[in-house]
Amino acid sequence: DLISSTFSESFAKLVILAITFLSVIVMMFSLSLPLSFLVIIAGPFVFLLINFITKRTKVLFSQQQVTLGKLSGQMEESISGYSVIKAYCQEQNMINSFKENNDKLQELGIKANIWTGILMPAINVMQNIDFIFIVIVGSLLADKGIITIGLISSFVLYARQFMRPLNELASIYNTLQSALAGAERVFEIMDNKEENVSEGIIKETSIKGDIEFKEVCFAYVKDKPVIKNFSIKINHGIKVALVGETGCGKTTLINLLTRMYDVTSGQILLDGLDIKEYNLKQLRSYFGVVLQDSEIFNDTVYANLCYGLDSINKARCKEVCQSVGADAFILRLPQGYESVLTNDGMLSEGERQLLTIARSIMVNAPMIILDEATSNVDTRTEKNIKSAIDNMTRGRTSFFIAHRLSTIKDSDLIIHMEHGEILEVGTHEELLKLNNGYAKMYRLQVGD
Ligand SMILES: Nc1ncnc2c1ncn2[C@@H]1O[C@H](COP(=O)(O)OP(=O)(O)O)[C@@H](O)[C@H]1O
Ligand SMILES: [Mg+2]
């Protein structure tokens with residue numbers, strides 16, 4: 001807002017200045033040629049001065065913005081990460097680094113403002129020196145009878161009119177500099193390519209859920225591949241489990257499937273069509289997702305459960321929550337289902353997971369993704385919600401990521417990944433028979 005108003009105000013001023021400037025030049029030249037040259041010559045000097053100073057203020061203003069950003073980030077961190085900071089006895093360190101940044105911001109602010117403050121007086125001094133020259137040369141010319149004394153005084157008035165736009169130009173330039181420093185950061189974010197949610201022509205409403213990964217490669221950072229040549233065909237309606245060490249690329253694979261990121265090379269097909277062909281919004285609505293980090297919105301339980309749906313169906317909310325065993329703790333909240341949830345430890349991590357599972361059941365999507373959705377609930381609760389999840393996934397292509405292998409044992413297809421590649425694929429029995437990595441992992445977990 002500030003940026004746009006600064007720009008439009010400055011622009012209007014610029015137009016007016018240009019007009020004054022041109023008409024004054026014409027008047028001056030018609031009065032006296034030699035004196036006009038004296039005025040014009042001062043121009044480049046003034047510009048050099050403006051340049052010299054604004055170069056410094058520009059750097060200072062942008063440093064100021066960066067430091068301010070850092071400081072705000074730090075403040076936010078120290079509030080949201082308050083318990084971690086205390087647990088690690090980092091209060092003093094936080095205070096120190098805050099002080100350091102704060103002092104830096106103060107120093108930069110003072111410097112930037114000093115330079116800005118100097119600009120106008122410095123230009124004034126230069127102009128006054130120029131006036132002295134004009135008067136000296138003017139009186140010499142008058143002495144020789146080339147011009148009259150009266151002309152000198154009117155010329156000085158015009159010279160002032162000529163300088164005034166230069167002055168204002170300098171001040172506008174300065175305002176623009178500080179606005180630009182702010183704008184630069186906004187542009188950086190805007191430069192990130194916008195997701196085109198309406199791209200893709202196909203608006204198929206019913207899909208089967210056949211998925212095929214075709215030689216998919218992906219890297220978040222150039223030359224650091226996370227998914228390598230990943231190929232597999234998944235028939236609709238089956239339950240797929242992704243297993244493998246932390247960091248092997250399971251979540252990344254899900255991100256590619258929901259097009260949070262696009263494959264570097266290769267293709268992902270849904271019902272035989274590249275997922276890029278689908279309308280992005282439509283594509284994402286095909287998946288009921290429970291992500292690794294259970295995101296809870298600052299709203300009522302009902303609103304959280306019906307997030308992304310057109311309306312709130314209270315009866316269905318209750319039914320779903322009962323099926324995953326979230327009902328009990330919701331009813332313990334001060335206002336039950338009408339309680340407004342916060343992110344400050346009001347719910348335990350496990351309870352949040354139960355809510356996000358309930359939310360994914362609510363959307364009733366044709367495909368389901370559960371990324372370590374039950375990693376924070378106890379084994380008994382996990383067993384309890386298993387039937388709800390089984391119900392939800394029946395007949396739908398579903399992806400499970402879980403570390404407790406006992407929970408994915410009954411999957412139709414288990415994909416064991418390592419460093420972004422498929423190590424082995426099969427059912428639980430097949431993989432046990434192979435007696436490879438999966439079998440070892442399983443024996444380790446059942447303590448055998
Ligand atoms: N946004 C990201 N930017 C850069 N690297 C990432 C990003 N997300 C994940 N990674 C890296 O990609 C690799 C795979 O991560 P991920 O798919 O989350 O693993 P998993 O879910 O199997 O534990 C890891 O090495 C991780 O550090
Ligand atoms: Mg993960």
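**Entry 1: the shell around ligand 1**

I sorted the shell around ligand 1 by class and got 4 nonpolar, 5 polar and 2 charged residues. I keep in mind that this is a predicted model. Then I listed who is there: Tyr-220, Val-226, Glu-245, Tyr-261 and the run of Thr-246, Gly-247, Cys-248, Gly-249, Lys-250, Thr-251 and Thr-252.

Which helix gives the most to this shell? I found that helix H6, residues 250-257, does, with 3 residues.

Next I looked up distances from the oxygen atoms of ligand 1. One oxygen lies 2.4 Å from an N or O atom in the side chain of Thr-252. For the side chain of Thr-251, I noted 2.6 Å between an N or O atom and a ligand oxygen.

How much of ligand 1 does the protein cover? I wrote down 60% of the 560 Å² of accessible area that the ligand has on its own.

**Entry 2: stepping back to the whole protein**

I counted 14 helices and 10 strands in the protein. Its radius of gyration is 35 Å, while a compact globule of 448 residues would have one near 22 Å. Along the principal axes, the C-alpha atoms fill a box of roughly 115 × 50 × 45 Å.

Of the 448 residues, 40% count as buried. I put the accessible surface at about 25,100 Å², with 58% of that belonging to carbon and sulfur atoms. Last, I checked contacts between residues at least 6 apart in sequence: 73% of them join residues at least 24 apart.

Technical notes: Residues numbered from 1 in each chain as written. Chains lettered and ligands numbered in written order. Predicted model: local features only at pLDDT ≥ 70, side-chain atom pairs only at ≥ 80, totals over all residues. Heavy atoms only, no water. Near = heavy atom within 4 Å. Polar contact = N/O pair within 3.5 Å; in protein donor to acceptor, adjacent residues only side chain to side chain. Areas by Shrake-Rupley, 256 points an atom, 1.4 Å probe, with all protein chains shown as cover. Helix = DSSP H or I, 4+ residues; strand = E, 2+ residues; numbered from the N terminus. Nonpolar A, V, L, I, M, F, W, Y, C, P; charged D, E, K, R; others polar. Rg over C-alpha atoms; globule rule 2.2 N^0.38 Å. Buried < 20%, exposed > 50% of the residue type's maximum accessible area, 1.4 Å probe, protein only. Contact = heavy atoms within 4.5 Å.
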